Each structure stands twice: as structure tokens, then as C-alpha cells.
Amino acid sequence: MKRTGLLSMLGVGVLAISLLAGCSSKEKLHIYSWADNFNETVISDFEKEFNVDVTYDIFANNEDLLAKIKAGGGGYDLIQPSDYMVETMIKNNLLEPLDKNNIPNYTNIADTFKDPTFDPGNKYSIVYTSGVTGIAYNKKYIKDPIDSWEDLWNPAYKGKVLLLDDNREMIGMALKKHGFSNSTTNQTEIKTAVDDLKKLLPNVLAFDTDTIKQKMIQEEGWISTVWSGDAAYIVKDNPDIAYVVPKEGATIFSDNYAIPKGAKNKALAEKFINYMLDPKVSAANYEAIGYSDPNTKAMEFHSETYRNNTMINLSADELNRVEWLSDVGDSLQFYDRYWTELKSGRE
Amino acid sequence: MNKSKWFFTPVLIWLGLFLIVPMLIVVAMSFMQRDTLGNVVYSFSWEGYKTFWDSLYLGIYWDTIVLSITTTVICLVVSYPLAYYLANSSPRVQNWGLILITIPFWINFLIRTYAWVLLLRTQGVVNSLLIHFGWIDEPLQMLYTKGAVLLGMVYNFVPFMVLPLYVAIEQIDRRLLDAASDLGASRWKAFWHIALPQSKAGIMTGSVLVFVSTAGMFVVTDILGGSKSSMISNIIQAQFLGARNWPFGSALSVIFVLTSLVLIILFSRVMKSRSDRTREGGNV
């Protein structure tokens, strides 16, 4: 989720990558998703097998996606909103219900990822990738055992803590630390969490979402809140980094398949989802993008290294203490105000 | 007469469609409301302006203005000698100087800003050199500080100051300076009473360009400041994306445009009265 490449940072915004050039009379599938979110070989295999053209445009964050779909769709057949955005889009009546008869491979998905709180019964969405926001730390500098969010507050790490530049994720983290829901609308609970985060500020080196990976790899920060998929990426480049899902619990997130209201080619989009959920295709795809594969039947086709990677495949125990973020409605205004206080150091 | 009218029509249409109309939309939206889902509700409300009247947002405004003025002053102090030197150099030096100043514009400013990250970070070029020469033992924390933000702003906007200054200084009639020195004025006096007042149009243009660009900047605080300080543009951006409160974001934008206008008018007044006084002083 929210993995933004340098390109999108540069304000390119929407970059259209036509995988097959030229105009033809073939059926077209228009995908709108995050950068580098598919194995391109898998997409071209799909094009050959079904004799269609696939175009793949990218967005940098859920809010860009929402704005575009709200403004009239942009002609997309398949989009990949994150968990809370699926909920927001359902409430805004922006998604088509999925016809599961066209997606028989839906049954391959692990039960953990079925029937999520943001879309009960998977009426409008099916999980694509997921991960958990945990703690990554550098064993070279940190010798104490790390197992709690409280560890970020350790005065020994002054100026060495990195936080995600994400309002809901970070206030949600402090809420979990105190045993509250990460999506509470109770003002006292939010205030408790925010007051605690203010005490964390002296430890904070920077807030960063897009390049937090590089800051950990370069050892600018010693300890940070990161998404499990990003942790896997960091460890590849810097083996001194370890990742842990804190004992108080954490936020789970996912990117999902969904079809925007009024899509021209709904049937083809469903065909694509079904194709991607094929065990072999699925294995090839997730090996390439390095995120966790929710497809239980695909496990046997994955490589040894992929299967043994504990940041890609979280344990059942870890998955037992996670919670989805959900839409907080009008309380978003409190979250935003508190976040502004935290980031500006003013009140 | 008619011909020139036609000549300007495309520009006027362009400005009308892509500047005036969007501004009017922003002003209109600033008086609307947000519903629970973050949609804009088309009913009149002062809510956006009322929310702004809060020590939190006022404080961020204040921080933004202080940083913008500091950047402008530093840019002016750094750029004036350079522009003065260039304007008084041989045509060859002038050409090369101007090319060198504009070359960075060929590279996207985000990339130039990221280059500072490579220079300043703990394992970066500067720290590595300092440690290599034994001047420090531990890497200095230069990135993600207020100083780094100021550096990034000044670095990015110095050309905006140098170019108008150069144009203004270049146009000063040298014979006036010669006359001043013939009449016994020191070089400093001649500069103070003749060159400086005559380059005030350049100072004015450069300062406004730097001030407005700095105040509207939000990426430098993110990249070099580690997002730890907020400028008003960061808050406006958040309202349009994460917080999904477009009316409040619009109200903040309108207030920002008005504040900038007032500051620029005040500044030009001050500049004008200064030069009047100088002229009077010169007459005595």
C-alpha cells in the first residue's frame, strides 16, 4: 500500500504505461493502481491468453484515486484502493458489486483475508496484498530487546526514531499502545494517544512515508514504524535490520481489487481478478513484487526464500493481534487537527 | 490599436480560464461545508474562516511568514553582491555567469533538493569528508533540522533574486556614478545614494518572487526538514487530501493569497517612501 516510487514523487502523477502499443480492436482493460504493483510478465501473459490489451495507470495515494473516481471515473475497469478507502468508496456509492460466479478462484484466498471489516462478505472488493505496520530496528545500534511500541519512547534513541508521515497510522499506533482501537472516535482516547505522541517528538528524526526505507537502509534512523513489506525490502539491502509486530497489537492494511461504478468492461475486470488468483500466476506475481500472497493454494509454487521470509509471511500469532483501520467519519477532523499540532509543534 | 487588442486576446482568455475562474471557484468553495464523507456541501458557511481563527493555525501562519521573510533577506544579502559584480563585469563574464545561474533550472528542483539529502545525511558526503579529515568523530545531524529547511529554501530561490537584481543594476546609468565620484563622493556613498536606489525595482521584484515562492513551498520542509515543521502549504495540502476538507483548505488558500497581497503592498509602500526620502536627502 502507498508505495510511491520516485516518479510519482516527482509530480508525474498519472503515468500511463501502455503495455501494448498501437490501437487495435481488441478488448481493453484499464487498470488504475500503485506504481510497480504487478509483475509485468504476468500481465502480458494475460493479454496473450485472452487476446486483450491492458493499460496500467498509476496513482500515488488513495486520496488521488478517490478524487479521480469521484470526478467521473477516468474510464477505469479495475482499481486498487486500500482498506479504509474501500469503505469510503462504498459509502460514496462508487463501486460495483463483484459477481463471484465469474471469480471462482476467490475460494483460494486465506480465510484471514476474507470478510474484512471494511467490506463485510467481500461484496465489493477482494484482497490483493496486505501487511502489518510494525517496528523495524537496527541491531547494530540497538541491543535491547524490542517488543513494544513503548520502546520507541526510549530516551536512548533520541533523534533516531522515524515515523510514518501518516496521520491515521501514527495516531492509530499510539492508540494501540494504550489498548484502544486504532479507529476510535472517543475524543478522550484520541487525546490520550496524542499527548503521548507529543512526548515522543524529541526522539523523532523525521516523519516520512515514501523514503523511510532509504533512511533505514542508510542508517540515518535506528528504529522506525514500517510496513512489513517495506521491512522485507529494507532487510534485503541492510541485513542488520530486524522487524517485529509489537505485543500491544498493530494496524493491518491491504490493497484490494475493486471495480468502479460504471466500468465499461466489468466482465473482463472480473476475468482478470480470477486469472490473478490462479495459484501459479499468483506465485509468479508475488515473487516479483515481494509482498505477501493471500492465496493459500499458491504457497506450494513459491520459492523457499519467499516462504521462509517472516516479513512477507506473518505468523498466525502476529496476525491475531492486528486491527484494520476504519473510516472515522466526522472524527477525521479531530485526527487532522491533532496531527497538525504534532507536526507543527504548536497548539 | 485594434491589432494589439487581438494580439492580447489569447493571453487574456488563458488567464481568465486558468487563473481567474479557478480563483473564483476557490473563493466560492471557501464558504461551503463538508459532510461526513468529505464531500463538499453547497450551502453557505463561515466555518472555514472560523476554524482558522485558532492559535494553532495562526501560529503556523506566523512561522511561515517568518521563514519566508528570513529566506528573502538572506537571498537578498547573498544575491546583491553577485548581481552587482556580474552587472559590472565584461560581457563574457556576464554571459557565463548568467548561464551558470540558470543551469540548475534545467534539473528538476526536487532532484536538486534530494541532492542535498545525499550531501547532508549522516553517511553523506559532508559528514564523510569531515570524519575523514578528523575534524569530527561523530557525524553531525544536519538534515531534518530548521537550518536544513532554510538552506534548501535559500538554495532553490537565489536565482529568483539574482536575475531581477542583475537586470536592474545593469540598467543603471554608469555616468551618474562617475559624476558622483567626480564630485567627491566615496564609492560607498555613490553606491548608497545612486546605485542602490536605482536598483530598487530589482530588489522589489526579487523579494516578492522569493517571498511568495517560499511561502507556497511544501516539499522542502518534507524532504530536508523531515516533515517536522509545517508551513501553511502543508496544511492546505492535507485539507485537500488526507483530511478531505476542501472548504477549509480553500479558506486557508484565500487567506494566504490576501496576506501575501497585503504584505507585498506594504513592502512596496516602504520601498517607495525610502526612495523618496533618499531623493529629498540628495537634494539638500
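Of the 284 residues in chain B, 30% come out as buried. Keep in mind that this is a predicted model.

**Chain B as a whole**

Chain B carries 13 helices along with 2 strands. Laid along its principal axes, the box filled by the C-alpha atoms of chain B is roughly 75 × 70 × 40 Å. If you take the contacts in chain B with a separation of 6 or more, 70% of them involve residues 24 or more positions apart.

**A look at helix α10(B)**

Helix α10 of chain B runs over residues 200-215, so to speak a handy one to pick out on screen. It is 16 residues in length and reaches 22 Å from first C-alpha to last, close to the 22 Å expected at 1.5 Å a residue. Which residues of α10(B) are buried? The list is Gly202(B), Ile203(B), Gly206(B), Ser207(B), Val210(B), Phe211(B), Val212(B), Thr214(B) and Ala215(B).

**Transmembrane annotation**

An unreviewed UniProt entry lists "transmembrane region" for chain B at residues 12-32, 60-86, 98-119, 148-169, 208-226 and 246-267. Here is how the model looks over two of those stretches.

| Stretch of chain B | Helix | Strand | Distance between end C-alpha atoms |
|---|---|---|---|
| Residues 208-226 | 68% helix | 0% strand | 27 Å |
| Residues 246-267 | 100% helix | 0% strand | 31 Å |

**Where chain B touches chain A**

On the chain B side, 25 residues are in contact with 29 residues of chain A. Two helices of chain B, α3 (55-87) and α12 (232-240), each supply at least two residues of that side. The most comes from α3(B), with 4 residues. By residue type, the side of chain B that touches chain A splits into 9 nonpolar, 13 polar and 3 charged.

**The two domains of chain A**

Over in chain A, the domain assignment gives domain 1 (6-130 + 254-313) and domain 2 (131-252 + 320-344). Going by C-alpha atoms, the centres of domain 1 and domain 2 of chain A are 27 Å apart. How many residues of domain 1 of chain A are in contact with domain 2 of chain A? There are 16 of them, and they meet 14 residues of domain 2 of chain A. Helix α4 (residues 83-91) of chain A gives the most to the domain 1 side, with 5 residues. That side of domain 1 of chain A, where it touches domain 2 of chain A, is made up of 7 nonpolar, 6 polar and 3 charged residues.

Methods
Residues are numbered from 1 along each chain as its sequence is written. Chains are lettered from A and ligands numbered from 1 in the order in which they are written. This is a predicted model: local features need pLDDT of at least 70, side-chain atom pairs count only at pLDDT 80 or more; totals for chains, interfaces and linings use all residues. Domain bounds come from an automatic or database domain assignment. Two residues are in contact if their C-beta atoms, placed from the backbone, lie within 7 Å. Ala, Val, Leu, Ile, Met, Phe, Trp, Tyr, Cys and Pro count as nonpolar, Asp, Glu, Lys and Arg as charged, and the others, Gly among them, as polar. A residue is buried if 20 or more other C-beta atoms lie within 10 Å of its own, exposed if 12 or fewer, and partly exposed in between; C-beta atoms are placed from the backbone. The expected span of a helix is 1.5 Å times one less than its number of residues. UniProt positions are given in the numbering used here, feature names are shortened, and annotations may be inferred rather than shown by experiment.
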